[in-house]
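Here are my notes on the model, as numbered points. Please read them beside the structure.

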Amino acid sequence: MRSTRRTTLRTAAVVAGAATVLALPVGSAFADSPAVPGPPVGPSVDSRVAPARAFVTAVKLADGSVAKVYRVGKSHFEADIYAAGAKLDTLVSRGSAAAYGQSNGLHVVLQPNGTVTSWLDGAPKPAPEHGKAESSVRVAMPDGRIAKLVDGPRGKRVVISMPNGNVLGVIDLKRPSTQNDGWTYKLVRDGKRVKFVVIDGKGGGNSWVYDFGGRLIEKYTVDAPVAARGSGSGMASADAAGLGFAVLPAHPAGDARG
């Protein structure tokens, strides 16, 4: 997808026992895989109004580019592929068909359930995921932005977006921190748990800590007296903000680790 050459995009819709190739316009970034045979078919023209797309998640691909996944209808998902801020193309999965594309050694598959897998030439192809579900919860953060906390087969991640759905960034345990407009968002480990921390760098360093159920479980402030919460919270305070913040319980102690 980083190549400047004009290539022909073809996405492959893979159905059990059959394969079809959908030819898309010249100048797109993906090329069809030679492993998916079939004659090209001219793109269809549909004069109907395009259905609404509901943003689902953003997935970082194997080469660092991003796939933004949308639900268009029942059993219909689309994934816009972006690299360096530019939209390269769209994979479409309908019914039981998975969409497949490749470019410059990157392979991307959009599954019928809306999940995305990717790999590079020479790397093992990810095994199909069976019986694993992805869960997510949306949290309205103190800065007015939205955090989508996702827990699924690919691990835990958080998608940071504006209320209108415009994605600002994605963090996971490999890239656990990002900043925007003076605010810091990060994932920290606390024993076996993973917490999501929001830090107000513009307002002096106050911070809020959420579990992956979307619950506010801890709050730190630079102005309040120190209140002991135990060694686990103390570690989270140091890891989350890098400062000796005071701890303000967001829930009674018995509920903090629920």
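1. Is glutamate 78 buried or exposed? With a relative accessibility of 14%, glutamate 78 counts as buried. The classes are these: buried is under 20% relative accessible area, exposed is over 50%, and partly exposed lies in between (1.4 Å probe, protein chains only).

2. A word on the basis. This is a predicted model, where local features need pLDDT of at least 70 and side-chain atom pairs count only at pLDDT 80 or more, while totals for chains, interfaces and linings use all residues. Residues are numbered from 1 along each chain as its sequence is written, and side-chain values use heavy atoms, with hydrogens and water left out.

3. Glutamate 78 has a charged partner. Its side chain meets that of arginine 53 in a salt bridge, 3.0 Å from N to O. The term requires a side-chain nitrogen of Lys or Arg within 4 Å of a carboxyl oxygen of Asp or Glu. Arginine 53 counts as partly exposed because its relative accessibility is 34%. The pair links distant parts of the chain, 25 residues apart. Arginine 53 sits in the loop between strand S2 (18–28) and strand S3, and glutamate 78 in strand S5 (residues 76–83). Strands (E, at least two residues) are DSSP runs, numbered from the N terminus.

4. Which residues are linked in a network of salt bridges? They are Arg53, Glu78, Asp80 and Lys87. Lysine 87 bridges to aspartate 80, with the closest N and O atoms 3.7 Å apart. Aspartate 80 is buried, at 2% relative accessibility. Lysine 87 is partly exposed, at 46%. The search of the whole structure finds 10 salt bridges.

5. Now the open sheet. Its 4 strands run in the order S10-S11-S12-S13, with antiparallel pairing. Two strands pair if DSSP finds at least two bridges between them. The edge strands are S10 (135–140) and S13 (167–172), and each pairs on one side only. Neighbouring strands are turned by 20° against each other on average, direction ignored. Those angles use axes fitted as lines to C-alpha atoms, on a scale from 0 to 180 degrees between N-to-C directions.

6. Strand by strand. S10 and S11 (residues 146–152) pair over 6 bridges, in the antiparallel sense. Serine 135 stands opposite aspartate 151 in S11. Aspartate 151 also forms a salt bridge with lysine 156, the closest N and O atoms being 3.3 Å apart. Aspartate 151 is partly exposed at 28%, and lysine 156 counts as partly exposed at 25%.

7. The hairpin deserves a look. S12 (residues 155–161) and S13 pair in the antiparallel sense over 5 bridges. Serine 161 stands opposite valine 167 in S13. These two strands form a hairpin with 5 residues between them. Glycine 165 in the turn has a positive phi of about 95°.

8. Of its 21 lining residues, the closest to its centre are Val59, Lys60, Arg154, Asp172 and Lys174. S3 (54–60), S9 (116–120), S12 and S13 each give two or more residues to the lining. A pocket here is an open set of points on a 1 Å grid where a 1.4 Å probe fits, with protein on both sides within 12 Å along at least five of seven lines; lining residues have an atom within 4 Å of a point.
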